[in-house]
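My entries are below, in the order in which I checked things.

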Amino acid sequence: MKKADIVEFYRRLAEANPHPETELEYRNPYTLVVAVALSAQATDIGVNKATRALFAKVDTPQKMLELGEEGLKQHIKTIGLFNTKAKNVIALSQMLVDDYGGEVPEDRAALERLPGVGRKTANVVLNTAFGQETFAVDTHIFRVCNRIGLAKGKTVLAVELKLDKATPAPFRLHAHHWLILHGRYICKARRPECWRCPVEDLCAYRPKTPAPVARNGKAAAA
């Protein structure tokens with residue numbers, strides 16, 4: 001994708017959604033770390049349902065330790081891999097208390113030391129909680145960047161690095177949110193909804209997906 005097209009691509013997404021936000025519910029940097037860690041191989045909707053009651057009473061690492069692993073499991077048992085995730089959340093909470101005074105560090109390397117926290121989770125926290133220009137590449141962003149030609153790569157890290165290089169100011173802060181939402185609701189995995197895509201003419205994907213046809217033979221409404 002050409003530089004001018006990239007600028008126009010982001011401009012349109014920004015125009016449609018000037019202030020994009022994560023769909024995960026959280027109260028502070030710590031609960032964001034927990035929510036993102038729980039969201040691996042799970043939907044944001046499912047995580048939010050499980051964490052609303054949890055975060056109402058547990059919003060610090062110390063409170064999580066007081067709740068304990070078994071108590072945490074009772075809150076998140078509807079989430080996939082909840083046993084492993086509960087163990088990791090307790091372990092990362094203990095590390096935050098022991099090594100960081102209960103505060104979430106604003107450093108990628110430090111975040112990646114936490115159990116259950118990988119580069120993607122660290123990037124989400126740095127961007128969403130601390131306003132850093134990071135690019136958290138999940139399955140949606142990986143697919144969208146390769147499909148449209150914005151940042152092609154065979155690995156998540158390759159896409160992240162190319163995306164970092166290709167994304168200009170002033171779009172860098174919100175870029176990963178725009179891309180996630182675009183992939184989640186328009187540029188879907190099985191059937192991208194090209195007929196209602198605001199950047200369809202800038203996209204390298206071929207052939208474009210036509211609008212579904214209703215029984216009366218007319219194109220269905222978007």
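The entries go from the whole chain to single residues.

**Ground rules.** I am working with a predicted model, in which local features need pLDDT of at least 70 and side-chain atom pairs count only at pLDDT 80 or more, while totals for chains, interfaces and linings use all residues. I number residues from 1 along each chain as its sequence is written, and side-chain values use heavy atoms, with hydrogens and water left out.

**Overall build.** I looked up the secondary structure and found ten helices and zero strands in the protein chain, where helices are DSSP runs of H or I with at least four residues and strands are runs of E with at least two, numbered from the N terminus. The C-alpha atoms fill a box of roughly 60 × 40 × 30 Å along the principal axes. Of the 222 residues, 44% count as buried; buried means under 20% relative accessible area, exposed over 50%, and partly exposed in between, with a 1.4 Å probe and protein chains only.

**Domains.** I noted that the chain is divided into domain 1 (3–19 + 135–202) and domain 2 (29–130), with bounds that come from an automatic or database domain assignment. The domain centres, taken over C-alpha atoms, are separated by 27 Å, and ten residues of domain 1 are in contact with eight residues of domain 2, contact meaning heavy atoms within 4.5 Å.

**Cysteines.** I searched the whole structure for disulfides and found zero, a disulfide being a pair of cysteine sulfur atoms within 2.5 Å. For Cys145, the nearest cysteine sulfur is that of Cys187, 9.8 Å away, and Cys145 counts as buried at 0% relative accessibility. The sulfur of Cys197 has its closest cysteine sulfur in Cys203, at 6.5 Å, which is too far for a bond; Cys197 is buried too, with a relative accessible area of 18%.

**Helix α2.** I then asked how many of the ten residues of helix α2 (residues 29–38) are buried. The count is nine of the ten, so α2 is largely enclosed by the rest of the structure. The buried residues include Tyr30, Thr31 and Leu38, and the buried residues of α2 pack against α3 (44–57), α4 (61–76), α5 (82–100) and α7 (119–128).

**His176.** I located His176 in helix α10 (residues 175–185), and His176 is buried, with a relative accessible area of 1%. Leaving aside residues up to four places away in sequence, I listed what His176 touches, and among them are Val124, Asn127, Phe135 and Ile141.

**Backbone spots.** I kept in mind that most residues other than glycine have a negative phi, and that most peptide bonds are trans. A cis peptide bond joins Ala169 and Pro170, with omega about 10°, and Pro170 sits in the loop between α9 (156–166) and α10. Another cis peptide bond joins Arg206 and Pro207, with omega about -10°, and Pro207 is in the segment after α10.

I also recorded Gln41, whose phi is positive, near 55°; Gln41 lies in the loop between α2 and α3 and is exposed, with a relative accessible area of 74%. Leu81 has a positive phi of about 60° although it is not a glycine; Leu81 lies in the loop between α4 and α5 and counts as exposed at 52% relative accessibility.
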